[in-house]
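Trainee: I have a model to go through. Can we take it one question at a time?
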Amino acid sequence: MEKINLSEFGFNILQIESTAACNMACSFCPYPLKEDKITKMNIDDIKLIIDQINHDDKNFRYVTFSQFNEPLLDNRIFELIEYVQSKGLKVLMITNGLLLNKKKNVDELIRLKPELKISLQVIEDNKLDERGLNLEMENYAKTIFDFCMKIKDTELKTTIDIGNQYNNSLFKYYLKKILGISTGDPSVPKSTNETLNKFKFFVEKLNQLDKNFIDDKTLDFLSKQDTRDIFEYAPNDHNKEKGFKLANNIELKLKHFWYGRKISDFYPAFDRSFSCHNPILGIQADGNVVPCCLAYDNSISQGNIKQKNLKDILENNDFLKNLRSKSGSKHITCRKCMGEKTRRGVLFQFLRRKMKNLFS
């Protein structure tokens, strides 16, 4: 089978939704809006996709088995990870962490050593209901803490993400609200300092479980630092951001919060002269190929892998050409993604862009 370089089409990450199911229903995620929550992609179809990716593509980064699903709900996930690795491709495993209390999951992750990301996002007691959970935060956090102690100093490189809206100025935050510009989701703290306090709480709780996990000197250092002295924000590449090391292989990061329901909740941008260079190609559990990590339905499907191979779907694709260019028509879904929370927000966005172009 002919292999393709996904990076030639502008993609360096491949997200395959092996199952459509998730065990959370977060207020900031499109999952609760999805009609399909049960489909499992045929494992032979998944392997056929992997077989088409050229592992010698130097600009390709990794495969991950999530779009808006929880990959650990798929009992084939470790077979799939092993298959991808056997083809010389990297795997990033993204999980909400609820199932990291299962011995098999822990053992297999340690054995296969994919890069692991735990999407913790919210660490407040009263916010778990906004993730669709009837669960005490203490129990959820303990699962994460116990997992950290089991994998500490193994070769399993793990990042724990906590959502942060990087609103260092409350004046700017409330100005955005007045202007109708998105400020994210209420489940995420509105200021960086507020997030940092929650972050410190997380570390102290972890230390209560294991006094040897983090030494007193590090805790003392943490209590006296400003966020900007600990973290480094890299807006275009989360992997380049500096986090806080909990162990040699475990890092806690503040992740720039990305509101996932933009294409359902936002008003479409007036200005269509935008380009999108999203590097993530998504393949949904039903086989639809979407050039976007926010797509949860088939409104911008470019084709289905059950009917065509990836190369045929991506080649001579006018949708992609228009999306990558500032000229050409843009789909309403893409215009919503580039739009804002309210009509006045879209108007302000339009005027701001026009003024910027006028004086540039």
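Trainee: How are α5 and α13 oriented to each other?
Mentor: This is a predicted model, where local features need pLDDT of at least 70, side-chain atom pairs count only at pLDDT 80 or more, and totals for chains, interfaces and linings use all residues. Residues are numbered from 1 along each chain as its sequence is written, and side-chain values use heavy atoms, without hydrogens and water. The axes of helix α5 (residues 170-179) and helix α13 (residues 343-359) come within 8 Å and cross at roughly 110 degrees. Angles of 65 to 115 degrees count as roughly perpendicular, so α5 and α13 are roughly perpendicular.

Trainee: Which residues of α13 does α5 meet?
Mentor: Contact means heavy atoms within 4.5 Å. From α5 come K177, I178 and L179; in α13 they meet R344, G345 and F348.

Trainee: What is the bridge partner of Q15 in β8?
Mentor: Strand β1 (residues 13-16) and strand β8 (residues 280-283) pair in the parallel sense over four bridges. In β8, Q15 has as its partner G282.

Trainee: Which elements each supply at least two residues of the lining of the largest cavity?
Mentor: The lining includes I162, G163, T195 and K198. The elements are β5 (158-164) and α6 (192-209).

Definitions and conventions
Axes are lines fitted to C-alpha atoms, for helices over the stretch in contact, and angles run from 0 to 180 degrees between N-to-C directions. Angles under 35 degrees count as roughly parallel, over 145 as roughly antiparallel, 65 to 115 as roughly perpendicular and the rest as oblique. On a 1 Å grid over the protein atoms alone, a cavity is a set of points where a 1.4 Å probe fits but cannot get out, and a pocket is an open set with protein on both sides within 12 Å along at least five of seven lines; lining residues have an atom within 4 Å of a point. Two strands pair if DSSP finds at least two bridges between them.
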